[in-house]
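Colleague: I am new to reading models of this kind, and I would like to work through the charged pairs and a helix with you. Could you take me through them step by step?

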Amino acid sequence: MTTPTYKSWPFKEAQKLRKRFKQAPNTPVRFETGFGPSGMPHIGTFAEVARTTWVRHAFEFSTKWPTQLIAFSDDMDGLRKVPLNMPQQEMLADNLGKPLCYIPDPFGECESYSAYMNNKLKDFLDSYHFDYTFQSSYEAYTQGDFNEGLEIILKKVEDVKAIILPTMSEEKQAGWSPFFPVCEKCARIYSTRVIGYDSKDNTIDYTCDREEGLVKKCGHSGTISIFNGNVKVGWKIDWALRWYAYDIGYEMYGKDLIESAKLSGKIVRLMGKQPPAGFFYELFLDEEGRKISKSVGKGLTIDSWASYAPLESLLYYIFQNPRQAKRLFWGIVPKSVDDYLSGLNNYETL
């Protein structure tokens, strides 16, 4: 009996992932998707989880190995600007520069801004019956998941700089550090600046005097441990830190993050591990061909699509050519339904 050849892109991705392993691993192969909780989960979130799940299922089918999907929320990220579609604009403006997990919930329902968004993410994924394990950045940092990786980054801080600094403008290079200390006085991260490293004690010296946009500074200076949530690392280093800590085997990302993925791969190798297999996809665009912004709230939502057309038609639309940019507006819904029904009819006649 001849083994069938599966040519669809999820199976090709599964084959690429299989090449990372010489033998069956002792733990589940981990897939990861990322969520930025500065805004509501949206159709891009849905698409990334759906596409990753398709690759996961293809991998399980091909190898019979156990897998796990981690839905990671970067709730230690700081708020750089006030989303236009959020209530309590003044309160949010007063909290610019703080990690999302330290900012009050503008809706008044949860203990923090990010807790509200994280709950929305979980409700969102549960409503579509995705199989996943939720992981918040705040919990990962504070419970010590990242401590080993953070220690390596501190010891190799000059090597990390050698990777990142050539990609930055001269203005941004000055005083750059992979670490963002959480100010002990005002709880901001985007106003802090590292002024000294101590790899023996695993501490850094910092001062809260950096100016960035409308972010306030308090002038406090101190010395803090890099462990257990006292610091966050910058985006490209943070991505590598997740891959290192959780042994991520596969992750997708938008076309706009290709260079970030390359740099994160270099950093995780510097830390002593292999980067995950990856796949970049094109972005969703609005009717005018512009990238959809979740902070503004434009674009077609999943609920609105599902109110007028089968959800399967959306899945079919997302499945086709992930490296082709797709526009999301009402005009594409009828055609997508027609394409789905045509594809379904052709499948049933094979």
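Modeller: Let us begin with R242, which forms a salt bridge with D74, the closest N and O atoms being 3.9 Å apart; a salt bridge here is a side-chain nitrogen of Lys or Arg within 4 Å of a carboxyl oxygen of Asp or Glu. This is a predicted model, in which local features need pLDDT of at least 70 and side-chain atom pairs count only at pLDDT 80 or more, while totals for chains, interfaces and linings use all residues. Residues are numbered from 1 along each chain as its sequence is written, and side-chain values use heavy atoms, with hydrogens and water left out.

Colleague: How many residues apart are R242 and D74?

Modeller: R242 lies in helix α9, whereas D74 sits in the loop between β2 (67-73) and α3 (89-94). Helices (H or I, at least four residues) and strands (E, at least two) are DSSP runs, numbered from the N terminus. The pair links distant parts of the chain, and the separation is 168 residues.

Colleague: Is R242 buried or exposed?

Modeller: The scale is relative accessible area, where buried means under 20%, exposed over 50%, and partly exposed in between, with a 1.4 Å probe and protein chains only. D74 is buried, and R242 is likewise buried.

Colleague: How many of the 12 residues of α9 are buried?

Modeller: Helix α9 covers residues 235-246 and reaches 17 Å from its first C-alpha to its last, close to the 16 Å expected at 1.5 Å a residue, where the expected span is 1.5 Å times one less than the number of residues. The buried residues of α9 include I237, W239, L241 and Y244. The helix is mostly covered, and the number buried is nine.

Colleague: Which residue does R193 meet in a salt bridge?

Modeller: R193 belongs to strand β5 (residues 193-198), and its partner is in the loop between β6 (203-207) and β7 (221-225), 16 residues apart. R193 counts as partly exposed because its relative accessibility is 32%. The two side chains meet at 2.7 Å, N to O, and the partner is D209.

Colleague: Why does E211 count as exposed?

Modeller: E211 forms a salt bridge with K217, the closest N and O atoms being 2.8 Å apart. K217 counts as partly exposed because its relative accessibility is 42%. E211 counts as exposed because its relative accessible area is 64%.

Colleague: Which residues do salt bridges that share partners join into one network?

Modeller: The structure holds 18 salt bridges. Through shared partners, some of these join into one network, and its members are D74, K232, D238 and R242.
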